[in-house]
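Hello,

Here is the structure I promised you. Please open it first, then read my notes below.

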Amino acid sequence: MSSEISHLDPAVVQCALSSPPFVVVDGVINIRDIGGYLIQANTSLMIKPGIVFRSGEPSSITNLGKEQLRALGIKTIFDLRSDFEMKNFDIQGTEIEGVRTVRVPILVRGFDPDNVATK
């Protein structure tokens, strides 16, 4: 870890992760609106804000966090984690009433998270 990163003021980090494009969802880190990004290079087509969000691993979501997700209008979660990533987290109690979760494990060609983690 670089000395620059290890000396970050936690209040500054919290402020940054609570300011747009980031949104606060209790128990989920690094959740942000990806609206405003170009859909395709060399076009003016952009993702509409408030429609697609991305986040870190959600197994620690709280009841308040679940309410916050519903308030954002989130109706479907696409979980891109591999089976290997999934076995490292307790997903019991992470179901959210009114929100469907679809597992779509992403495997990047040439990258096997199982091999990386065991070496």
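Which residue just after H3 takes a positive phi? Glycine 73 does, with a phi of about 85°. Hold on to H3, as more on that helix follows.

First, the ground rules. This is a predicted model, where local features need pLDDT of at least 70 and side-chain atom pairs count only at pLDDT 80 or more, while totals for chains, interfaces and linings use all residues. Residues are numbered from 1 along each chain as its sequence is written, and side-chain values use heavy atoms, with hydrogens and water left out.

**Overall layout**

The protein has 5 helices and 4 strands. Both are DSSP runs numbered from the N terminus: helices are H or I runs of at least four residues, strands are E runs of at least two. Along the sequence the pattern reads α-α-β-β-α-β-α-β-α.

The protein has 119 residues, and 18% of them are buried. Buried means under 20% relative accessible area, exposed means over 50%, and partly exposed lies in between (1.4 Å probe, protein chains only). The accessible surface comes to about 8900 Å². Carbon and sulfur atoms account for 58% of that surface. The areas come from the Shrake-Rupley method with a 1.4 Å probe; for residues, only the protein chains shown count as cover.

Now contacts, meaning heavy atoms within 4.5 Å. Take those between residues at least 6 apart in sequence: 51% of them join residues at least 24 apart.

**Helix H3**

Gly65, Lys66 and Leu69 are buried in H3. They sit on the same side of the helix, because they cover an arc of only 100° around the axis. That arc is taken from the directions from the helix axis to the C-beta atoms. The buried residues of H3 pack against E3. On the face turned away from the buried side, look for the exposed residues Asn63 and Ala71.

**Salt bridges**

A salt bridge here is a side-chain nitrogen of Lys or Arg within 4 Å of a carboxyl oxygen of Asp or Glu. The count comes to 3.

Start with glutamate 57 and arginine 81, whose side chains meet at 3.2 Å, N to O. This pair links distant parts of the chain, 24 residues apart. Glutamate 57 is in the loop between strand E2 (53-54) and helix H3 (63-71). Arginine 81 is in the loop between strand E3 (76-79) and helix H4 (83-86). Glutamate 57 counts as partly exposed, because its relative accessibility is 22%. Arginine 81 counts as buried, because its value is 12%.

Arginine 81 also forms a salt bridge with aspartate 79, with the closest N and O atoms 2.6 Å apart. Aspartate 79 is buried, as is arginine 81.

Aspartate 83 pairs with arginine 103 in a salt bridge, with 3.2 Å between the closest N and O atoms. Aspartate 83 lies in helix H4 and arginine 103 in strand E4 (residues 100-103), so the pair ties together parts 20 residues apart in sequence. Aspartate 83 is exposed at 54% relative accessibility. Arginine 103 is partly exposed at 37%.

**A nonpolar patch**

Phe78, Leu80, Val104 and Ile106 make a nonpolar surface patch of about 360 Å². Patches are made of residues with over 30% relative accessible area and no salt bridge; like charges are joined within 9 Å, nonpolar side chains (Val, Leu, Ile, Met, Phe, Trp, Tyr) within 5 Å. Valine 104 is in the loop between E4 and helix H5 (113-118). Valine 104 is partly exposed, with a relative accessible area of 33%.

Best wishes
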